[in-house]
Amino acid sequence: MDKIKIKGGKALKGTIHISGAKNATLPLMAACLLTEKTLRLSNLPHLVDISTMANLLVQHGVDFRLDGCAEDGGHVGEVILLNAQQVDNFEAPYDIVRKMRASVLVLGPLLARFGKARVSMPGGCAIGTRPIDLHLNALEKMGAKIELKDGYINATCKGRLKGVDIQFDKVSVGATENIVMAACLAEGTTILNNAAKEPEVTDLVHCLIAMGAQIEGADTDKLIINGVDKLHGTDYEVISDRIEAGTYMVAAAITNGDILLKNVPMDIMNSTIEKLDEAGVFIKEEKDGLRVKRKNRKIISADAITQPYPGFATDMQAQFMALMTIADGTSVIKETIFENRFMHVPELSRMGANIAVEGNTAIVRGIDKLNGAQLMATDLRASVSLVLAALVAKGETVINRMYHIDRGYERIEEKLAAVGANIERVKE
Ligand code: UD1
């Protein structure tokens, strides 16, 4: 298990290129199962989760190919080709699903096209119980027979799934994605009310439309899908990663640096930009990219509540909290999406941060200096918040269990070292 070693105190200066969005790429890859024609995806990030999804699809029988690379010969802008003409295995096994919950996104497409799927139950994870009842209830309503046995979801349907009205009790990104994919090949019209309208969902909807799906309401909480007999292939460019962009904005701010971010998906970054602006971060579009630095000497405390899009993203909560640990004043941060998403708090506290947690609310009293420490990465966003804190901490920080960060941040140590961070991956 690799570790990451950081000596804090360097103001980061230079340019960082933002990669394609992990959370958009995963459902787009699963969408290849809906057609026998080739789906070509570009602007892909190089991440462990993307390889996990590729492995899952390949074991279902999907033909997976890499196609070309970036102009500079590097990692940026990678392209893949997916062809699901020869799918002959309908099982998503425990060993893959346990590594990545998004594996459950193959359920809707497999069921819709082949009438059967067997998918391991994802189970809980570090940030909460994370049930998939919304996915299963909706599929049942569409006519699927769902049986839970031996830790697996066995789903079948006779003929095509049926279009129905679905009212989601909660906003769920994954459930919206799974059901919108299933509904594309269903018989009749499916209406999804209280659908998630996260940009990654909208990206999927746009790609499905390019594949021949009939969907209205992209970007809204009501999706109307008229099922079609078949979808075809397409060539689709994945949106850039708004969470990666937000994370590097915090890196510039927390270190009192000056960073130019390239390939930032500006139109979907409002909530992050507004919050950082409130905290005293200068963010301005320039000819070559997005300039990020502090407005003044100090970061100012600001409160935050996580909400479904377009609200402040739960995936930015830990990074924002890291910034607030060194802000002038007290910040109240409320997490409303996941019940247990404060695992970074004890680790930040080990660095000297002053944070009190009451239920789903964290009260962060800003201090002058964090200190380096030995830390444990627990989940993707919690772990990256520790990297951010370490960049400004006095002395050395060692973060164990780097693999959490590798799931969602492409070459993070290279990107940060290129703007002056004293950061090193220690291979074990
Ligand atoms: C996706 C993102 C994740 C992000 C989250 C919320 C991917 C791969 N992951 O996760 O990074 O933090 O959206 O923006 O895109 N829930 C239920 N029943 C269900 C489904 C969800 O109760 O059937 C609950 C969850 O436990 C959670 C809330 O709904 O409390 C939101 O979860 P959801 O939007 O489904 O998250 P994911 O799609 O798993």
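Predicted model: local features only at pLDDT ≥ 70, side-chain atom pairs only at ≥ 80, totals over all residues.
## A cis peptide bond and a buried loop residue

Tyr-309 and Pro-310 are joined by a cis peptide bond, with omega at about 10 degrees. Pro-310 belongs to the loop that runs between strand E18 (304–305) and helix H10 (317–324).

Another loop, between strand E19 (330–334) and helix H11 (344–350), holds Phe-338, which is buried with a relative accessible area of 18%. From C-alpha to C-alpha, Phe-338 and Tyr-236 lie 31 Å apart in space, and in sequence they are separated by 102 residues.

## Helix H5 and its cover

Helix H5 covers residues 133–141, and its buried residues are Leu-134, His-135, Leu-136, Ala-138 and Leu-139. The elements that cover these buried residues include helix H4 (107–114), strands E8 (145–149), E9 (152–156) and E10 (165–167), and helix H6. Just after H5, Gly-143 adopts a positive phi of about 105 degrees.

## Packing of H6 against H7

The axes of helix H6 (residues 173–184) and helix H7 (residues 199–210) come within 10 Å and cross at roughly 10 degrees. The two helices are therefore roughly parallel to each other, since an angle under 35 degrees is counted in that way.

On the H6 side the contact is made by Val-173, Thr-176, Glu-177, Val-180, Met-181 and Cys-184, which meet Glu-200, Val-201, Leu-204, Val-205 and Leu-208 of H7. By class, this contact has eight nonpolar, one polar and two charged residues.

## Aromatic rings and charges over them

With ring centres within 6.5 Å as the criterion, the count comes to two aromatic pairs. In one of them, Phe-312 and Phe-320 have ring centres 5.6 Å apart and planes at 70 degrees, so the pair is edge-to-face; both residues are buried.

Charged side chains also sit over aromatic faces: Arg-118 lies over the face of Tyr-152, at 4.0 Å from the ring centre, while Lys-293 lies over the face of Phe-282, at 5.2 Å from the ring centre.

Technical notes. Residues numbered from 1 in each chain as written. Heavy atoms only, no water. Phe/Tyr/Trp six-rings, centres within 6.5 Å; stacked < 30°, edge-to-face > 60°. Buried < 20%, exposed > 50% of the residue type's maximum accessible area, 1.4 Å probe, protein only. Lys NZ or Arg CZ within 6 Å of the ring centre and 35° of its normal. Axes fitted to C-alpha atoms, helices over the stretch in contact; angles between N-to-C directions. Helix = DSSP H or I, 4+ residues; strand = E, 2+ residues; numbered from the N terminus. Parallel < 35°, antiparallel > 145°, perpendicular 65-115°, else oblique. Contact = heavy atoms within 4.5 Å. Nonpolar A, V, L, I, M, F, W, Y, C, P; charged D, E, K, R; others polar.
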